[in-house]
Amino acid sequence: MPDISLTMIALLCLAALAAGWIDAVVGGGGLLLLPVLLLGLPSHTPAAHALGTNKAVAIVGTTGAAVTYARKAPVDVRTAVRIGLAALAGSSAGAFFAAGMSTDVLKPVIMVVLLGVAAFVILRPAFGTAPATGPATRRQILAAIGLAGLGIGFYDGLIGPGTGTFLVLALTALLHLDLVTASATAKIVNCCTNAGALATFAWQGAVLWQLAALMAVFNLAGGTLGAHTALKQGSGFVRVVLLTVVFALVANLAYEQWLA
């Protein structure tokens, strides 16, 4: 366990709970959890350790949410697994490049990514509100494997935060899913990206296992609850949560970058 106060450990656990709920509803729990880890861990902690610990926590909550969704949502598990295997390869490759990344680079990159997500969702108010029109074509599945699998998987291993959100957006656009079904599919894919990146970080010794185990308990509770909430409330609720989370985190990161 790193040398941090009990108060900070409690805050990290609460952040893991909230991140699990957010990630299950709309993805992007890492956009909350990773900045909190970067702030909460001692200043001398390498950025790779924050990234690796984030993956160890997130994979537990994501798995819990995926199981909950798979039981109740109309998920094409076969397609999700195929995309997930490509994502596993992409995230493993991205994690190799993440070892030398500085925390000073992470925050501005995350902010730009967040603003892009917000602009897309605002400009497309009907995005993800219509139910799926039918089975995905072979071309659509191949596009999803390439973009949502390899591409977003690589991003997940390299940086991580927002992966679930990007998966939801990509799967909704490429496979013409509604937001709830896309969230359910994204959780299965995200389990694979987390596994690939975590394996690489663990091999590099960049995971704080004791802290991760404690936070993972709270992340699992949040993930399971979030999946139930999204299934009950529907796509309109998911869209509102997405925009709320994005703008809150942009404001927080902008404050940390330029005003703090």
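Contact here means heavy atoms within 4.5 Å. The model is predicted, so local features need pLDDT of at least 70, side-chain atom pairs count only at pLDDT 80 or more, and totals for chains, interfaces and linings use all residues. Residues are numbered from 1 along each chain as its sequence is written, and side-chain values use heavy atoms, with hydrogens and water left out.

View 1. Helices (H or I, at least four residues) and strands (E, at least two) are DSSP runs, numbered from the N terminus. Of the 260 residues, 58% are buried, a term for under 20% relative accessible area, with over 50% called exposed and the range in between partly exposed (1.4 Å probe, protein chains only). Residues at least 24 apart in sequence account for 85% of the contacts between residues at least 6 apart. Carbon and sulfur atoms hold 70% of the accessible surface of about 10,900 Å², an area from the Shrake-Rupley method with a 1.4 Å probe.

**View 2. Thr-200 lies in helix H8, residues 179-203.** The relative accessibility of Thr-200 is 6%, so this residue counts as buried. Leaving aside residues up to four places away in sequence, Thr-200 touches Ser-92, Ala-95 and Phe-96.

**View 3. His-176 sits in the loop between helix H7 (163-175) and H8.** The phi of His-176 is positive, about 55 degrees, although His-176 is not a glycine. Most residues other than glycine have a negative phi. With a relative accessible area of 40%, His-176 is partly exposed.

**View 4. Helices H7 and H8 cross at roughly 130 degrees, and their axes come within 8 Å.** Axes are lines fitted to C-alpha atoms, for helices over the stretch in contact, and angles run from 0 to 180 degrees between N-to-C directions. H7 and H8 are therefore oblique to each other; angles under 35 degrees count as roughly parallel, over 145 as roughly antiparallel, 65 to 115 as roughly perpendicular and the rest as oblique.

**View 5. Residues of H7 meet residues of H8.** On the H7 side are Thr-163, Gly-164, Leu-167, Val-168, Leu-171 and Thr-172. Their partners in H8 are Leu-179, Ala-182, Ser-183, Thr-185, Ala-186, Val-189, Asn-190 and Thr-193. The residues of this contact comprise seven nonpolar, seven polar and no charged. Ala, Val, Leu, Ile, Met, Phe, Trp, Tyr, Cys and Pro count as nonpolar, Asp, Glu, Lys and Arg as charged, and the others, Gly among them, as polar.
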